[in-house]
Amino acid sequence: MDQVPYSASWLSQWRDEITDALSCMILTFKQTYGYEPGTNEVRDADEEHLRAARAYSQEPLGCEDLLTFYESIGEVVLPDVGNGCFIHSARDVLDRLAEDGAVFLPEADDPHGMVIASNGGGNLYVADWGGAIHRSRTASMEDAEFDKIADSVPEFLDHMRNCVVRFVRTGATGEF
């Protein structure tokens, strides 16, 4: 993406680029894959999402870049991109944290994080307090091991955008 600093404006541009790619995908989806696509969208934050973002801002494990995200974007639901790409809503992140507790990331600078995203294959994406993103190696949280895949939320979002665009252009799923 352009060198616009990470902000609501950056997120608006990010959302527009993904939405444009999805529009192209939907045009030929049934012809290409043999079935109708599901709902694939980057959902803007509505009042309910903004309430959850305010609650997220009070969470000690939360990171500032994710708060910026949740103040603009409610959630990302892309079931038909590769094997699926999902960034969970702030409410879902907080509910999972309350239910399951923090995720232990022994190799991270900050060893505790929250599940913020997933793919259709069951891999989980965890943000640590500093904003780095870690992907589970397997679909199971039992004895899960994680690899750091991005140093920051903007880097993770840019990677996701690249995966979406690549999938739409080539059908290659990439590593999301």
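The conversation below takes up these terms in turn and sets values beside their definitions.

Mentor: Keep in mind that this is a predicted model, in which local features need pLDDT of at least 70 and side-chain atom pairs count only at pLDDT 80 or more, while totals for chains, interfaces and linings use all residues. Residues are numbered from 1 along each chain as its sequence is written, and side-chain values use heavy atoms, with hydrogens and water left out.

Trainee: What makes up the secondary structure of the protein, and in which order do its elements run?

Mentor: There are five helices and eight strands, and from the N terminus on they run α-β-α-α-β-β-α-β-β-β-β-β-α. Helices are DSSP runs of H or I with at least four residues, strands are runs of E with at least two, and both are numbered from the N terminus.

Trainee: How do you know whether the radius of gyration agrees with that of a compact globule?

Mentor: The radius is taken over C-alpha atoms, and the globule rule is 2.2 Å times the number of residues to the power 0.38. For 176 residues a compact globule would have a radius near 16 Å, and the protein has 16 Å, so the two agree. Along its principal axes the C-alpha trace spans about 45 × 35 × 30 Å.

Trainee: Why is threonine 68 called buried?

Mentor: Buried means under 20% relative accessible area, exposed means over 50%, and partly exposed lies in between, with a 1.4 Å probe and protein chains only. Threonine 68 has 19% relative accessibility and therefore counts as buried. This residue is found in helix H3, and, not counting residues up to four places away in sequence, threonine 68 touches Tyr6, Ser7, Ala8 and Leu11, where contact means heavy atoms within 4.5 Å.

Trainee: Is proline 154 buried or exposed, and what does proline 154 touch?

Mentor: Proline 154 has a relative accessible area of 16%, so this residue of the protein is buried. Proline 154 belongs to helix H5 (residues 153–170) and, beyond residues up to four places away in sequence, touches Tyr6, Trp10 and Asp65. Proline 154 and aspartate 65 are 89 residues apart in sequence, yet their C-alpha atoms are 7.6 Å apart in space.

Trainee: And why does glutamate 175 count as buried or exposed?

Mentor: Glutamate 175 counts as exposed because its relative accessibility is 54%. Glutamate 175 lies in the segment after H5 and, leaving aside neighbours within four places in sequence, is in contact with Arg135, His159 and Cys163. Over the whole protein, 45% of the 176 residues count as buried.

Trainee: Why are the buried residues of H2 said to line one face of the helix?

Mentor: In H2 (residues 47–57), His49, Ala52, Ala53 and Tyr56 are buried. Seen down the axis of H2, these residues fall within an arc of 105 degrees, so they line one face; the arc is that of the directions from the helix axis to the C-beta atoms. Their cover includes strand S1 (41–44), helix H3 (64–70), strand S2 (73–78), helix H4 (90–100) and strand S5 (112–119).

Trainee: What makes a set of residues a nonpolar core, and which members of the largest one touch the most others?

Mentor: A nonpolar core is a set of buried Ala, Val, Leu, Ile, Met, Phe, Trp, Tyr and Cys residues joined through side-chain atoms within 4.5 Å. The largest has 45 residues, of which Trp14, Phe69, Tyr70, Ile87, Phe156 and Leu157 touch the most other members. A second, separate core of eight residues includes Leu105, Val115, Ala144 and Phe146.

Trainee: Why is valine 103 called buried, and which residues is valine 103 in contact with?

Mentor: The relative accessible area of valine 103 is 7%, so this residue is buried. Valine 103 lies in strand S4 (residues 103–104) and, leaving aside neighbours within four places in sequence, is in contact with Pro111, His112, Gly113, Val115, Val126, Met141 and Phe146.
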